[in-house]
Amino acid sequence: MSWIPFKIGQPKKQIVPKTVERDFEREYGKLQQLEEQTKRLQKDMRKSTDADLAMSKSAVKISLDLLSNPLCEQDQDFLNMVTALDTAMKRMDAFNQEKVNQIQKTVIEPLKKFGSVFPSLNMAVKRREQALQDYRRLQAKVEKYEEKEKTGPVLAKLHQAREELRPVRDDFEAKNKQLLDEMPRFYNSRLDYFQPSFESLIRAQVVYYSEMHKIFGDLTQQLDQPGCPDEQRERENEARLSELRALSIVADD
Amino acid sequence: MTSHGDDALSSRTGAPGGDDRLSEDRSLLQQRLAVRELLDTEVSYLHVLQLCASDIRSRLQQLPQGDLDVLFSNIDDIIKVNSRLLHDLQETASREEEQVQLIGNTFLEFQEELEQVYKVYCASYEQALLLVETYRKEPELQREIQGIIEAVLPQAGPSGLSFLLVIPLQRITKYPLLLQKILENTLPDASAYAVLQRATSALQDVVTNINEYKRRKEVASKYTKVEPLSLRERLARINTHTLSKKTTRLSQLLKQEAGLVPRTEDKEFDDLEEKFHWVSLCVTELKSNVAAYLDNLEAFLRFRPQDYNLEIPGGPVVQYCYLARDLQLQAFPEFKQQLEAQVWQPLCSLAKALAGPQNLIKKRLDKLLDFERVEEKLLEVGSMTYEEEAARHTYQALNSLLVAELPQFNQLAMRWLSQILCAFVTLQRDLAKQVLQRAEDSLAQLPHHHLSEPAFRKLVEDALGQTSHQLRAFQENFEKVLPPPTTQPLLPGAERQVQALLSRYGPGKLYQVTSNISGAGTLDLTLPRGHIVALLQNKDTKGNSSRWLVDTGGHRGYVPAGKLEVYHVVPTEEELRGQARPHKDSQHQTPEPTSAPVPSVPTVTQVVAVYPFVARSSHEVSLQAGQWVTVLEAHDKKGNPEWSLVEVNGQRGYVPSSFLARAPSPAPWGWSLPS
């Protein structure tokens, strides 16, 4: 005997209470938000560190090109200054690389790991949804038979339907419970998870900038040019420009 | 002074043979007159200058300050120098004997200053004249200016302003002539003569130098500018003249390259040029490197990881967000701004200043080729045209200008470059200080700030290791796939069929149909979803492995393999089953005798009659659908499982087994209907 094709209807009974559904939506919603934010944070952190490295490299290029200019051979003072500058830049670049490595290890990698849990979560949610659909469908079927006149064939089909429904319902309940338990736990784990990373991030900055301060502080001493306020520097630059312009060979514009 | 002259004149009439003395006296008189002229003219000159500088200039209100600066240039400096000169010259008046010598000395002392101060004035004179021309074109303005000048200096005449402005030029060129006049009337053996002679030539040099200076300035301003010309404009400039110039230069260059003509080697210039070239290279490279650095800084500042919200209310995460925001809004933009003002802008100005010398050097080379050709011609022919003479002069002017000023340029540029680099370094230090201050504040509020860096790193490593485990646990939890619900339950009566197949073929060979199969060919089966079959062969006679040969328990045939799923036997009251006899297709409802002996297991169960049945003999009993019956024996007297002995409504009889269904019976085991 072949099955009578059966329309998939909606069950009359609300099989999943509204509060439960709402709770689920809320918890899952929070996690979806978190997923988005961690993904973008990771991307931005990576791009930021790349830009940081690029900046450092271009600083090194400044001193490298100066050093390769033949003027260095002629002018001892210039050579000394440029050599000192080059040393400083190279050291800073090394420290910068170390800083970036530390950030990579303690911030970006953990972010990535955190993010890798989400696909599994999303799959589990999908499976629950699928189970819910099946549950709904079979529940509707049972209800349909329950409403009909209790003839033999109907009873047989009802019995059939109930047999089918039972395991599907159990499956859904199990999945639902598991997720309702695990989702908040996972969400809360972010608190403890990220604090060490960001602490590490701050500390890495302190380490780097302490070195930078020391190195460039020493260099300014060595170059024997006292730091002067901005207006004075501006005046200096104006003076240098006028000196040049005073020469006939310099065009006036 | 005149008394001497009078004495000389009066003594003349007296003594005979006084001709020599006569001319001597006359010379002396002339000398005295010349000296007088010098001083008197100086006095009136200075007077006029002062009137110009104060009265006239201050009344020319309608002209903008910039214009006044050009017109009157450094007239104040001239007044200062000339005042002192006049003062010193007047002092010499008291020392009659040595006056001439003192005058000579005075001029020698003032030589340098006069040159410096007048060359500036002369250099801007051309421009001043241009301005005067423009004023002349405006009648209203011209009238006003004229009015003012006439009020102060009526002797200026109708050409007022230009008359006044040329006065300093006239004066400086006059000095050599005035001194010459005194010199002519001085005895060659007088001690004053040598001094005066030196003074005269000195002042002559001053005039020459001023002219040279003026010429260099003109040449410089002609050639330092590079006008951005479009191709069309460039083409328009080509005419026979320029073409011939260029071809001549080219041929000269080629001759040099071929060694036919000696190249003018000028080591001094070449060294200067080389150094200038390196300075330019340094500046342009530095400029482009700083530009790249600034671009990277800008890119770095575009990323704002602190803007993302993890909904973490406190602790290091929040600390970091504050810190990052602070840095991005204050410390870094300030740094960038200062870099632009103190490093980038100056570099741009310095780079721009390179253009002038670069053009002049290029032009000099061109002119040099011209010059060399002219020199050649001069050797061959002994004369040159006016144009050739001009070319020669231009080259010489350019060359001397560059030789004089390039070293200064190089030095100034290097000095500025060093300052710019120092600024760069200082700014880096200041940035570090700013960031460090803020970061250390944040650090102080972190939980582990007291730990040393290595200790902290170890701590973080451990913490991350732990949380990594935790995350893996979460992931595994989410990935745990609970066993899927059991596959579709069986058709009524199918359980026995399953048992039959199971005992015949074994559990590994059972499959369940997952969706309705409609057979097409004669050997294909039509089976409903849920039906259980046993696999006989997993391919057909042609070797097609997607068409399987199966046994339904009654029929054999082919079914598509894709619609079969491995069937796991779910034990449901298996102890009640014992039949191993293959079960015919349940479509057949008439009982058929079978020959195979079947061990009968006595069963007493409650079942529901699924279909109505009309008894056709006294052995049979009628059923109504949905009726509860008690199964006494699940087979007939011959052991055929297709018939069951049941009791219903007090009656006993046989009914087709397939009309009965197992239903969850509320009655405990052994319950039976009252007979």
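Which residues have the most contacts inside the largest nonpolar core? They are Phe78(A) and Phe409(B), in a core of 120 residues.

## Basis of the model

This is a predicted model, in which local features need pLDDT of at least 70 and side-chain atom pairs count only at pLDDT 80 or more, while totals for chains, interfaces and linings use all residues. Residues are numbered from 1 along each chain as its sequence is written, chains are lettered from A and ligands numbered from 1 in the order in which they are written, and side-chain values use heavy atoms, with hydrogens and water left out.

## Nonpolar cores

A nonpolar core is here a set of buried Ala, Val, Leu, Ile, Met, Phe, Trp, Tyr and Cys residues joined through side-chain atoms within 4.5 Å. Buried means under 20% relative accessible area, exposed over 50%, and partly exposed in between, for a 1.4 Å probe and protein chains only. The largest core has 120 residues. Helix H15 of chain B (residues 386-444) gives the most to this core, with 24 residues. Helices (H or I, at least four residues) and strands (E, at least two) are DSSP runs, numbered from the N terminus.

Contact means heavy atoms within 4.5 Å. Leaving aside residues up to four places away in sequence, Phe409(B) touches Leu244(A), Leu247(A), Ile249(A) and Val250(A), as well as Phe276(B), Ala353(B), Leu354(B) and Pro357(B). A second, separate core of 63 residues includes Ala34(B), Leu114(B), Ile172(B) and Leu179(B).

## Chain interface

Contacts between the chains involve 119 residues of chain B and 105 residues of chain A. The two chains bury about 10,300 Å² between them, 68% of it on carbon and sulfur atoms. Buried area is the accessible area (1.4 Å probe) that two parts lose on being put together, summed over both. Tyr308(B), Leu310(B) and Phe478(B) supply 8% of the area that chain B buries against chain A, more than any other three residues.

## Cavities

The structure holds eight cavities of 30 Å³ or more. A cavity is a set of points, on a 1 Å grid over the protein atoms alone, where a 1.4 Å probe fits but cannot get out; lining residues have an atom within 4 Å of a point. Grid points are joined across faces, edges and corners, and a volume is the space filled by probe spheres set on the points.

The largest cavity has a volume of about 320 Å³. Its lining has 20 residues, and Ser48(A), Gln205(A), Phe300(B), Tyr320(B) and Ala324(B) are the closest to its centre. At least two lining residues each come from H1 (18-67), H3 (76-115) and H5 (152-223) of chain A and from H12 (267-302) and H13 (316-353) of chain B. H13(B) has the largest share, six residues. By class, this lining has 13 nonpolar, five polar and two charged residues. Ala, Val, Leu, Ile, Met, Phe, Trp, Tyr, Cys and Pro count as nonpolar, Asp, Glu, Lys and Arg as charged, and the others, Gly among them, as polar.

The second largest cavity holds about 200 Å³ of space. Of its 17 lining residues, Met55(A), Tyr208(A), Met212(A), Tyr293(B) and Gln428(B) are the closest to its centre. Two or more lining residues come from each of H1, H3 and H5 of chain A and H12 and H15 of chain B. H1(A) gives the most, with five residues. This lining divides into 13 nonpolar, two polar and two charged residues.

## Chain B overall

Chain B contains 17 helices and 10 strands. Of its 675 residues, 43% are buried. Among contacts in chain B with a separation of 6 or more, 68% are between residues 24 or more positions apart.

## Individual residues

Arg128(A) lies in helix H4 of chain A (residues 117-147) and counts as buried because its relative accessibility is 1%. Beyond residues up to four places away in sequence, Arg128(A) touches Glu21(A), Phe24(A), Phe172(A), Lys175(A), Asn176(A) and Leu179(A). Thr173(B), in helix H8 of chain B (residues 167-184), is partly exposed, with a relative accessible area of 39%.

Glu311(B) is not a glycine but has a positive phi of about 55°. Glu311(B) lies in the loop between H12 and H13 of chain B and is partly exposed, at 45% relative accessibility. Asn649(B), also a residue other than glycine, has a positive phi near 50°. Asn649(B) is in the loop between strands E8 (643-648) and E9 (651-656) of chain B and counts as exposed because its relative accessibility is 59%.

Technical notes:
1 Å grid on protein atoms, 1.4 Å probe; cavity = no way out; pocket = protein on both sides within 12 Å on 5 of 7 lines; lining within 4 Å.
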